[in-house]
Amino acid sequence: MMDASVDAPRRSFAFGLERLGLIGLGAPRLTVVLILILSALAGWGLTLLRVDDSLSELFRTDTEEFRRYEEIDRRFPSSEYDVLVVVEGKDLLRKPQLEAFRRAIVDLQLTDGVDGLISMLSARGKPDATGYAPPIVPDDLPDGPEYDTIIQQMRDNDIVKGKFLSPDGELALAVIALDRKVVAKEGAKTVIGNIAKQLADELKPVGLKSHLTGAPVMQLEIRNAVERDQVVYNGLGLLFGATIAVIFFKRVSLMLLAALPPVLAVLWSLGLLGWLGFRLNLFLNVMTPLVMVMGFADSMQVVSAIRIRLREGDSKAQAVRFAVRIVGPACVLAHGTALLSFLALLLSQSGLIRTFGMAGALSVCISFIAVILVLPPLGLILIRNEGRLARDRTPADGLMDGLGNLVGWIVDRVVRWPFMTTLVALVTFAACGWAYLQLEPRYRLADQVPDREQALGATGRIDEKLTGANPVHIMIEWKTGEGLFTPGPLEVIAKAHEILEKQAGLGNVWSLQSLRRWLSEAGDDRIETVQKFVKLLPEHLVRRFIAKEQDAVLVTGRLPDVDSSRILPVVEKIDHALDGLRQQYPAYTISVTGLPAIAARNSARMIRQLNEALPICVAFAALLLGVAFRSPFVGLVSLVPGLFPVVASGALIWAVGGGLEFASVVALLVVFGLAIDSLIHFFNRLSLEERIEPRADVAIRRARVLVGPAIILTTLVLAFGLGVTIFSDLPSLRLFGAICGATLIASLLADLVFLPGIIMLVRKIWRHRVA
């Protein structure tokens, strides 16, 4: 039973914000009308939400380095917008298969949305006296030895071998430049779908397989995954939360009372994000389960308090007012700490993570409003026959009481041996902390892309059989007034090409120098001839390495998709090798860029910055708790239980051979703010119990038993609500869900076992009440 004296007036540690929950009690029906209006506006905002499928947004920073990367997209529009076609088959170079490949290439060139295409069939022989260079593979393929000679010439061609055809002759690559205007008009899904269909129609009958990859394909797969995840997250999160509420409250009224505020919080949050122009991305996509579990965690606490008072004979109005005054302050503080976690993300240099932090901060505020303002008037409307509630005892009550007995059994043993419990807690914390400190930052482009679709598989085949699919560029700019086809620019291009190819060891290097080499082998490398052939080349091909103004060029090589820690030495090696060229030609701006280079340079720094924010958040939260409860004791004893879930999850990552990734660090920051919710509710209850119970062990037990069952339930809801992200096709979101689940389970261990033992031991040394 809950002593009525705990309802006596006391100073609010929530600065009176919990009293907002009393506003709607005077006019519950008017409040419901306002809720319906807000929900309608939020529904309109939902229709304004769009998906951000950018691969570079994670590394968007206000730096000269990122601005140069964006300049590539503007001045060399084909360089970062290629669709890569991977065609495989053991008989790829047999005549029927090669003819099918050529038919597919011809069909693709006529497909809407295709601006141009390069493949092994684009290779040309030496120019004749008139300057005409015949294709190595003619339109009419011969038979026998003549055919074999053509195949051998193609395999020996410097432009084809290792770039468009694998050494074993079983994989061919074609590079498609998309027409961005057509893609914008018809949609990437339609254009890319037509490309895939054309390939399948021609190649499948002859036993060849085709797959697509490249930035446009990856972006489409990201967009599809984000939209699909929204349906899964909303459905499973709501289903699990409602199921828990039905099982343990056993009444439709109490179930709706617990479930409606978080549902409204999701609707209002996403609606607000839509009105404010936010775009859904791989991180923002978890906002739905995040808001759902945030709201559900506190609504469960409030409804649990209402249920207890109804069973003790209060009217529904009395029960609701009691819950607002007693549980409300903890809800305020819990949302405050969650807000702190999201605000910490604003310190990141990543535009994507800052956007996630801002959206999360807004959603926390919306969730608080939905719980504190909506739940009380709904309680007056939905709860019926409260007198019967006081008399009846249902199986659900037995489940709740059973959880209370389990919590009591645990606490009885913990407070009996506080020294041993604290020692185990500190040793475990130290071991997990050591493992956490061993973690190194990790990042791969593949983490952002669905791994159950075709793009990553095709990229893997290119990495394995060719030289890689991810472009690294040397951008050369000059404002000297020199023409492109003058000795100065041509010499700089040639030396940069050689540095990328020989000193850095990159494969598939392309630049204007590639054309000059081919003409040189044909016996005519005059500047006039080079200029003539550039004019003959298709526009989409020229714009891959020559800017329209002809005062900037690209030298491009390709890297496999590996961890950024392995790419960074290559990028630094290129940069250092270019130092001599920069000194020799000071009038030229020579920079290394491209998504792999940006990621390699920035990912480790950004992840470390986020990781360093974790202990700061914990310390600040402990300080906030100490100030809120007006007790340095609370701030002190909350440090280990607050930080333990973070280091425990880090130890798990270390144990399975993982590292610190963007998704894992963001998950730790966010879930810390959610996990500390249970600490707040316990200290809130303990402060009330200590006012009527002088014995520390009895007060701890009573507080733990009263809030423990609700904390267990809310932790399960939090873990499952965020854990549904493991069903995502995006590896980063699956990792996010796994880390969230592990962190929340660790927080339950810290709350139920470590915290009571630490409080009991410190209380023996320092006799100080919570508040």
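Select P28, T31, I35, S39, A42 and G45: these are the buried residues of α1 (buried is under 20% relative accessible area, exposed over 50%, with a 1.4 Å probe and protein chains only). They sit on the same side of α1 because they cover an arc of only 110° around the axis, taken from the directions from the helix axis to the C-beta atoms. Now turn to the other side of α1, where R29, L30, L36, A40 and W44 are exposed. Show α8 (252-275) and α11 (351-382), which are among what covers the buried residues (contact is heavy atoms within 4.5 Å).

A note on the model: it is predicted, with local features needing pLDDT of at least 70 and side-chain atom pairs pLDDT 80 or more, while totals for chains, interfaces and linings use all residues. Residues are numbered from 1 along each chain as its sequence is written, and side-chain values use heavy atoms, without hydrogens and water.

Next, the sheet. Four strands form an open, antiparallel sheet in the order β3-β4-β2-β5 (two strands pair if DSSP finds at least two bridges between them). At its edges are β3 (114-118) and β5 (209-213). Select β2 (82-88): five bridges link β2 to β5. Zoom in on E88, opposite K209 in β5.

Last stop: S747, in helix α26 (731-765). S747 counts as buried, at 4% relative accessibility. A polar atom of its side chain lies 2.6 Å from the backbone oxygen of L744. Show P645 and A675 too: S747 touches both, not counting residues up to four places away in sequence.

Key. Helices (H or I, at least four residues) and strands (E, at least two) are DSSP runs, numbered from the N terminus. A polar contact is a pair of N or O atoms within 3.5 Å; within protein, one must be able to donate a hydrogen and the other to accept it, and residues adjacent in sequence count only if both atoms are side-chain atoms.
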